[in-house]
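Hello,

Here is the structure for your files. Please open it next to this email; my notes follow below.

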Amino acid sequence: MYLDHRITIKIARILDMIDLSALLLDANGNVILPEGDQRVFNLPEPMRTNPTMPLIYGGVTLIGTSEEQPIYICLQGDSEEIKKCAVLCAELINLILREDMSHTSCEQSLRLMLRGEIESAEFEALAVEHNIPVEKKRCVLYFYFVDIEAEAAMQILNDGKGDEGDLLAEVGRHSLAMLKGVDEEVNFAELEEYAKAIEMSFLTENGTAVYVGISNPRDDLVSIPEAYEEARSAINVGRVYHSNRNVFVYRNLLLERFLSDVPTDMCSSYNSMIFNRKTARLFNDEMVHTIEAFFDNSLNLSETARKLYIHRNTLVYRLEKVQRAIGLDLRNFDDAVTFKMMMLLGKNTTPRKNRL
């Protein structure tokens with residue numbers, strides 16, 4: 001369950017009234033309050049099974065706010081008084097959440113739809129209430145703003161989001177999602193250019209980096225949560241394999257999505273066949289940059305040399321050094337594919353930090 005700033009402030013006031021160390025956790029154990037706390041806790045299975053029953057665990061008292069889509073309160077201590085305090089806090093927070101849900105704005109409704117936090121039957125009721133067409137071809141664009149919060153980014157994006165039928169919702173402290181109408185024949189190149197324009201606008205005018213994920217299209221609102229997950233996944237997968245990009249189209253990441261499912265130990269094993277101590281001096285930053293540029297320019301020697309500002313013969317010399325060392329001629333398509341796969345598998349072994 002996502003909590004917007006207004007609700008978070010109300011809950012923070014409740015927790016501040018308690019003369020105890022208190023944390024608010026989401027369903028995955030991530031700390032919501034205090035803000036800025038990056039810890040993730042392992043919620044015990046009994047807590048997930050019966051969230052509204054207080055649980056003493058490792059010197060703390062845990063309780064969820066409700067049976068469905070709970071958030072969790074964690075109080076330091078394990079006395080009977082602390083258990084009663086935890087129950088009271090959970091009831092108060094649940095009342096706040098229920099009151100908030102009973103006055104669902106268009107943005108809140110959209111957020112619930114995108115995150116899949118309502119039953120399918122409720123989609124149509126909320127859509128009718130807020131005059132959102134149920135049957136319409138749309139893609140989800142997921143925006144993650146590195147240095148500014150979503151509330152500020154929302155005001156900027158609302159001024160220039162384009163089509164009046166496009167809908168925008170805050171879905172995280174630094175994240176927005178846009179439900180964007182598209183033509184029957186979806187022009188992904190156009191969508192990508194639109195996203196790049198927004199990215200460059202925020203970078204030049206606000207000095208903040210923006211990552212954008214673009215989903216496959218959906219024909220109705222009920223399937224929008226799947227598109228939302230695709231857009232988020234596009235960023236999480238794309239950033240691993242393409243650190244020089246900020247805009248990622250889900251459908252264009254087929255190979256990367258496949259590789260991200262390969263077990264880490266297998267990735268390491270195959271990657272080390274080419275990238276190891278014996279080849280470490282050969283595959284320095286300059287050589288890797290040269291090879292990546294060669295791949296980006298479709299194995300075209302002249303175009304790659306021009307882009308790198310080097311002589312064509314210098315490029316040929318570097319590629320021949322690789323061939324002598326590992327037996328792969330990167331000018332040959334099959335060898336180039338083999339090398340690129342091994343290189344990408346190496347990127348898959350890096351820790352998956354800061355998933356969005």
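**Charges over rings**

The charged end of Arg239 lies over the Tyr211 ring, 4.6 Å from the ring centre. Arg257 does likewise with Tyr250: its charged end sits over that ring, 3.8 Å from the centre. A charge counts as over a ring if NZ of Lys or CZ of Arg is within 6 Å of the ring centre and within 35 degrees of the ring normal.

Before going on, the ground rules. This is a predicted model, in which local features need pLDDT of at least 70 and side-chain atom pairs count only at pLDDT 80 or more, while totals for chains, interfaces and linings use all residues. Residues are numbered from 1 along each chain as its sequence is written, and side-chain values use heavy atoms, with hydrogens and water left out.

**Overall**

The protein chain has 14 helices and 11 strands. These are DSSP runs, numbered from the N terminus: helices are H or I with at least four residues, strands are E with at least two. The C-alpha atoms fill a box of roughly 75 × 50 × 35 Å along the principal axes. Of the 356 residues, 46% count as buried. Buried means under 20% relative accessible area, exposed means over 50%, and partly exposed is in between (1.4 Å probe, protein chains only). Among contacts with a separation of 6 or more, 58% come from residues 24 or more positions apart. Contact means heavy atoms within 4.5 Å.

**Aromatic pairs**

How many aromatic pairs does the structure hold? There are eight. Rings of Phe, Tyr and Trp (its six-membered ring) pair if their centres lie within 6.5 Å; planes under 30 degrees apart count as stacked, over 60 as edge-to-face and the rest as tilted. Phe143 and Phe145 form a stacked pair, 6.2 Å centre to centre with 15° between the planes. Both Phe143 and Phe145 are buried. Elsewhere, Phe275, Phe283, Phe294, Phe295 and Phe339 make up one aromatic cluster.

Two packed helices are described by the angle between their axes and the distance between the axes. Axes are lines fitted to C-alpha atoms, for helices over the stretch in contact, and angles run from 0 to 180 degrees between N-to-C directions.

Helix α11 (residues 285-296) packs on helix α13 (residues 312-326) at about 105°, with the axes 11 Å apart. So α11 is roughly perpendicular to α13. Angles of 65 to 115 degrees count as roughly perpendicular, under 35 as roughly parallel, over 145 as roughly antiparallel and the rest as oblique. On the α11 side are Glu286, Met287, Thr290, Ile291 and Phe294; they meet Leu315, Arg318, Leu319 and Val322 of α13. By class, this contact of α11 with α13 has six nonpolar, one polar and two charged residues. Ala, Val, Leu, Ile, Met, Phe, Trp, Tyr, Cys and Pro count as nonpolar, Asp, Glu, Lys and Arg as charged, and the others, Gly among them, as polar.

Helix α12 also packs against α13 at about 105°, with axes 9 Å apart. That makes α12 roughly perpendicular to α13. Leu301, Ser302, Thr304 and Ala305 in α12 meet Arg312, Leu315, Val316 and Leu319 in α13. The contact of α12 with α13 has five nonpolar residues, two polar and one charged.

**Backbone in the loops**

Which residues are joined by a cis peptide bond? Leu33 and Pro34 are, with omega about 0°. Pro34 is in the loop between β2 (31-33) and α2 (45-49).

Leu299 is not a glycine, yet has a positive phi of about 60°. Leu299 is in the loop between α11 and α12 (301-308). At 22% relative accessible area, Leu299 is partly exposed.

Tyr309, not a glycine, also has a positive phi of about 60°. Tyr309 lies in the loop between α12 and α13. Is Tyr309 buried or exposed? Exposed, with a relative accessible area of 78%.

Asp37 is in the loop between β2 and α2. Asp37 counts as buried because its relative accessibility is 18%. Apart from neighbours within four places in sequence, Asp37 contacts Leu23 and Val31. Asp37 and Leu23 are 14 residues apart in sequence and 9.4 Å apart in space, C-alpha to C-alpha.

Glu117 is in the loop between α4 (106-114) and α5 (120-129). Glu117 is buried, at 12% relative accessible area.

Best wishes
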